[in-house]
Each structure stands twice: as C-alpha cells, then as structure tokens.
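The structure is shown first.

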Amino acid sequence: MNSVTQDAVDRRFMARALELARQGLYSTDPNPRVGCVIARGDETVGEGWHVRAGEPHAEVHALRQAGEAARGATAYVTLEPCSHYGRTPPCAEALLAAGVTRVVAAMQDPNPQVAGQGLARLAAAGVTVQAGVLEAEARAVNPGFIKRMEQGLPFVRVKLAMSLDGRTAMANGESQWITGPDARRAVQRLRARSSVVITGADTVMVDGARLTVRAAELGLPPAATALATSRSPTRVLVDGRLRVPTTAPFFAAGPSLVVCAQPPADSAAYQAVSAELLALPGSGGHVALPQLLRELARRGANEVLVEAGSRLAGAFAQARLVDEYHVFMAALFMGSSARPLLDWPLAHMAEAPALKIVHMRAVGDDWQVIAVPAPARPV
C-alpha cells in the first residue's frame, strides 16, 4: 500500500474512532472521551469507546470485539494509549497482549502520567507507532481535559441569552424566558457535557435557578439521554456575601458547592441542605475567580459552564478567564432600561476585546453564536 493510500485509510479509520469518542460526550468526566477502531487492512474487526470513569477504556472494548482478529492488526486510537495503572490496567499492555502490530494515535496524551510513555512502551516492544492523524479534531473532542492537564485550569464556557438589542434582563432582573424551547434544549446539552455549572446569587434569587439537567428537555435519543443523566455536573453558587437563603430552590435540587468571600460563623444551615462552603476571598469582598477555577480543576473539572447574570459573567470576562462564549440571540427588543449582556465598563474602542466567531446557527426561532477570544493584535 503506497503512502498516499495508507494516509487515506488512516484518516478514515481515525475519523470513525472520533465518532465513537464523541459518544462519551456526556458520560466520561473526569476522564477524556476516547474512541478506538481495530482494523486489518481495509476491514474493521473491532470498535469501542470509553463510557465512564472506572470502566474499561476504549481500547479494551475494541479488543474484546476483535478477539483473535486483533493479532497483526492496526489500532486507531483518538488519544495515546495509557501506560500507567489507574482505576484500570494500562491500555498499552492490553494492545501488546492482543498482538496488535501497529498503533495510530490522533494525539499524545497530555496527562503527565502518560505524556508519550504509552507510545514509547509500544515502540520498545516492536510495535509500529504513529501520532498526529486528525490531531486538531481529536483536541476539539477534549478541550477541557487537555487544558486541565496542560494548564491546571478547566475549559470555561459562558452562556448568555440576549435580545437583538443586546439586553439580558429587564431592569428588575426578570429574564425568563428570552429564548425559545430549542435554545433551552441546546443549553441543557451544554450543562450535561459540563463538569461544573456556575451561577451567581442574583440569578438564583431572581430566576429561582436550579441548574439541573432535565432529561425531558435534552432532545436526545433515549440511549444518549440515559448517559447524559447518569452523571450530574457539580452545581456551584458564587455568593460572596452569602445572600441566598438555604430555602431557595437551588438548594432543594441536590448537593452543591457555595463559594463565598468569608465563611459564616455557623454553617449548619448549609450542611443541612448538602451544600459545601468554600471561602476564596478576593479583592473588594468578591470571590477570587482564578483561584476558584484552579480549585475546580484540582477536583477533576474539565469543562465549566457559567450561567449567570451580567455581573458575574462580566467578572469572568474581565479577568480573561473565558475560553468560549455561547450567545443565544432572540428576535425581540427589550429596551434601553434593560440590563446589558456583560457588566464590563469600557471607555474607549481600543479597550474592546476582539472576538472570533467560530460558529453560528439557527436554533428554532433564535440564533446561537459561538465566539472565542481573538489573538492579541500586534502593536
């Protein structure tokens, strides 16, 4: 097989492995989403994907399906096979035991416990190894895991809903509902894939926000819905001055983490509603958001979704902590007295942070715009 043909075959099988990896979008946290295809020549003999942390990895599922056909075959994996003992044995050893003679990985594992050692172990045993096939696509499947491993921070998305005139709530704080049911389904799916959902005191008190994942609103097939509701994201309330009463609907929805600037003298009321208190004092009596993100990463959070009002969302934006903005835009005007998208005073155009729109689509009667911070312009 010539190199051009082999490259096309490798890309085709890796594309399929990436499809498999995406099936774990809602369930693998805190582990990465990984898919694997075992192939002999032009034929697939085994497939698998990682479903949940603590359960077999993608390679193990694919090898079980392939059986003896794995001997002499090629394994296509979206992430370098692990080489260490965690909750499961190393996948590199499983591939060697099965007799696989070639391993193609989309990317090296950024986990310092692996970081090339899995491929090195395979190569040392005589297996032909290759990395970098569809790497950009593979990185897009696991942005949070990669960032946590490389920077000690989770990948942060901020969800915003606004009118055509850029308003997010009426002057009195009322904001339900700006967008329609299709947009709300999209937000539910963003919640379901996240490790953590963060909100602020105003949103909880004014909107009665609970930040739960609701199966009926996901709009997913039954199997995907079951996976998406099998793991709940950690619900985090940023409440610097502890203004939200423990009788709020937010606390009735299950365990939560409440982040404040100073802990109360008596935390019994929070313990009674299964709320953990975490004090992270910052400047001006506010919560230190960078420290919060580092603490969440330390706890294994890959992807964080911020669903908050203009003040807290603006604070994340001003601190340059946002990786991706998801703006849902409804076809209505809310007027000049309504609240702005972000509480972020800017005096000059030169101060305005540039964004790059990476995706735009219609969501029912609304529009979803995904934007990321643009690289700094050269001076």
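A salt bridge is counted when a side-chain nitrogen of Lys or Arg lies within 4 Å of a carboxyl oxygen of Asp or Glu. The model is predicted, so local features need pLDDT of at least 70 and side-chain atom pairs count only at pLDDT 80 or more, while totals for chains, interfaces and linings use all residues. Residues are numbered from 1 along each chain as its sequence is written, and side-chain values use heavy atoms, with hydrogens and water left out.

**Salt bridges**

The whole structure holds 22 salt bridges.

| Asp323 | Lys147 | 2.7 Å |

Helices (H or I, at least four residues) and strands (E, at least two) are DSSP runs numbered from the N terminus. Asp202 belongs to helix H8 (residues 201-207) and Arg243 to the loop between E9 and H11, so this pair ties together parts 41 residues apart in sequence. Asp202 is partly exposed, at 23% relative accessible area, and Arg243 is also partly exposed, at 34%. Here buried means under 20% relative accessible area, exposed over 50% and partly exposed in between (1.4 Å probe, protein chains only). Lys147 is buried, at 12%.

Salt bridges with shared partners join Arg33, Arg157, Arg193, Glu303 and Glu324 into one network.

**Asp239**

Asp239 sits in the loop between strand E9 (234-238) and helix H11 (249-252). Asp239 is buried but has no salt bridge, and the nearest side chain of opposite charge, Arg243, is 4.4 Å away. For charge, Lys and Arg count as positive and Asp and Glu as negative; His and the chain ends are not counted. The Asp239 side chain does reach the backbone nitrogen of Arg243, at 2.9 Å. Beyond neighbours within four places in sequence, Asp239 has contacts (heavy atoms within 4.5 Å) with Ala201, Val244, Val258, Val259 and Cys260.

**Cavity**

On a 1 Å grid over the protein atoms alone, a cavity is a set of points where a 1.4 Å probe fits but cannot get out, and lining residues have an atom within 4 Å of a point. The largest cavity contains about 60 Å³ of space.

Notes. Polar contact = N/O pair within 3.5 Å; in protein donor to acceptor, adjacent residues only side chain to side chain. 1 Å grid on protein atoms, 1.4 Å probe; cavity = no way out; pocket = protein on both sides within 12 Å on 5 of 7 lines; lining within 4 Å. Points joined across faces, edges and corners; volume = space filled by probe spheres on them.
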